[in-house]
Amino acid sequence: MSTTDQVNWFRNSSPYINAHRGRTFVVMMTGEVLDSPLLPSLVHDLALLNTLGVRLVLVHGARPQISRRLHAAGLETHFEHHTRITDSAALEAVIAAVGALRLKLEGLFSMGLANTPMHNASIQLISGNFVIAKPKGVRDGFDYQHTGEVRRIEVGPIRRQVDAGNVVLLSPLGSSPTGELFNLNAEEVASTAAIALAADKLIVLGDGVRINDEQQRILRELTPQEAGRLLADQRLQDSALERHLTAACHAASNGVARAHLLDAGDDGVLLKELFTRDGCGTMVTRETYETLRGARIEDVGGVLELISPLEADGTLVRRSRELLESEIQRFLIIERDGMVIACAALYPFPDEKVGELACVAVHPQYRSGERGIQLLRQLERRAREQGLERLFVLTTHTSHWFQEQGFQPADVHSLPAQRQQLYNWQRNSKVFAKTL
């Protein structure tokens, strides 16, 4: 990456730096991630988030580490419904694996070598009895023994630690009020903690995490309902991915605004997801990532930024900020994570029962979708509600697109008299009309 690219990336990331400061993120790393050679880089990125003011709660898995210890001891392990049945011998392996992983993470967060992101960073990784557990008991005839479920999260103590700038570490091992220890599902710990803490994000970092559509393209965004249908249809062939998506769906359905599923094998995936507009993983969100709505006065700057390049190359007629401010109520926009990526306006001529479709613009990075068509359909609906019977548009560059949407060539003299007087013969725009 060139110096110019680095500067542009940093400038483009600044809105996200401001947006994330003071927010609470629960970040889960699977046991496979803790075995990855990329783990030190991931810890560096987490340390960077802490430095930027993000309140971090980390949850780690331990499934492969537990299995290795059991195998080394010559002990068999049994799973029911993707959940390990933990007998007394297995519990000893769980305690040993979790303890070793805690120490490993404490060591990584203590690094302060020069020329690394951890240099001069003083980060305290705090662990403790923050997770209160209960036995899973007997389910479908299977006694899960020392396998448990989350009973509650000690929210107050965790908040005091993150308020002090510390990073809290939660393990898949919980204690009960009777002093017993229980092996827990890390995804359950993460989603329950995110809900209890009213976290802004749950982020699940796994090995090879990717949810594709039928064309094998990554699904960037899912609602909890869509995620639930994927799980119900059993379209996911990976049990780990099912657990991750279930956790994300649970969190997003219970107050967590956004849950992210990321492939930790992609170096820098955490920063790419959090500090770029389109991210690189799958997000489960209560609210749509893109919103089509009426424009407001505070959208004027975003609309100007969108249309300025099209005004410069002659595609659109220039509009001053003052004019746009006075006409902003005529605009519809599509907003993507705070950025105006498309707009269009309707100017009615009620006496003639016609309306002008104007200032149709879509950001170059988002022209592969049907956002222009979405805006057109919504403006057509608005026009009908106003009693208009016909739309017309003046264009110099995009006549084919309008014809594809049902507009027919028309004459300048077919325009309303008021609009004919304003027609710029030097610009020589083509006229197209469409009956509603």
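In this predicted model, eight strands form an open sheet in the order β5-β10-β2-β1-β13-β15-β16-β14, and their pairing is mixed. The edges of the sheet are β5 (125-127) and β14 (221-222), each of which pairs on one side only. Strands of a sheet pair through backbone hydrogen bonds, either parallel or antiparallel. Strand β2 (residues 55-60) and strand β10 (residues 167-170) run parallel and are joined by 3 bridges; Val 57 has Val 168 as its bridge partner in β10. Helix α6 (residues 155-163) packs on the sheet, where it touches β2, β5 and β10. The direction of α6 makes about 125° with that of β2.

A helix pair may be considered next. The axes of helix α8 (residues 224-232) and α9 come within 9 Å and cross at roughly 150°. Because angles over 145 degrees count as roughly antiparallel, α8 is placed in that class relative to α9. The crossing of the two helices is left-handed. On the α8 side, the contact is formed by Pro 224, Ala 227, Gly 228, Leu 230 and Leu 231, which meet Glu 242, Leu 245, Thr 246, Cys 249 and Ala 252 of α9. By class, the residues of this contact comprise 7 nonpolar, 2 polar and 1 charged.

Helix α9 spans residues 239-252 and also contains Arg 243. Is this residue buried or exposed? Arg 243 has a relative accessibility of 15% and therefore counts as buried, the limit being under 20%. Apart from neighbours within four places in sequence, Arg 243 is in contact with Arg 63, His 82, Asn 185 and Glu 187.

Key
Residues are numbered from 1 along each chain as its sequence is written. This is a predicted model: local features need pLDDT of at least 70, side-chain atom pairs count only at pLDDT 80 or more; totals for chains, interfaces and linings use all residues. Side-chain values use heavy atoms; hydrogens and water are left out. Helices (H or I, at least four residues) and strands (E, at least two) are DSSP runs, numbered from the N terminus. Buried means under 20% relative accessible area, exposed over 50%, partly exposed in between (1.4 Å probe, protein chains only). Contact means heavy atoms within 4.5 Å. Axes are lines fitted to C-alpha atoms, for helices over the stretch in contact, and angles run from 0 to 180 degrees between N-to-C directions. Angles under 35 degrees count as roughly parallel, over 145 as roughly antiparallel, 65 to 115 as roughly perpendicular and the rest as oblique. A crossing is left-handed if the near helix is turned anticlockwise from the far one by less than a right angle, and right-handed if clockwise. Ala, Val, Leu, Ile, Met, Phe, Trp, Tyr, Cys and Pro count as nonpolar, Asp, Glu, Lys and Arg as charged, and the others, Gly among them, as polar. Two strands pair if DSSP finds at least two bridges between them.
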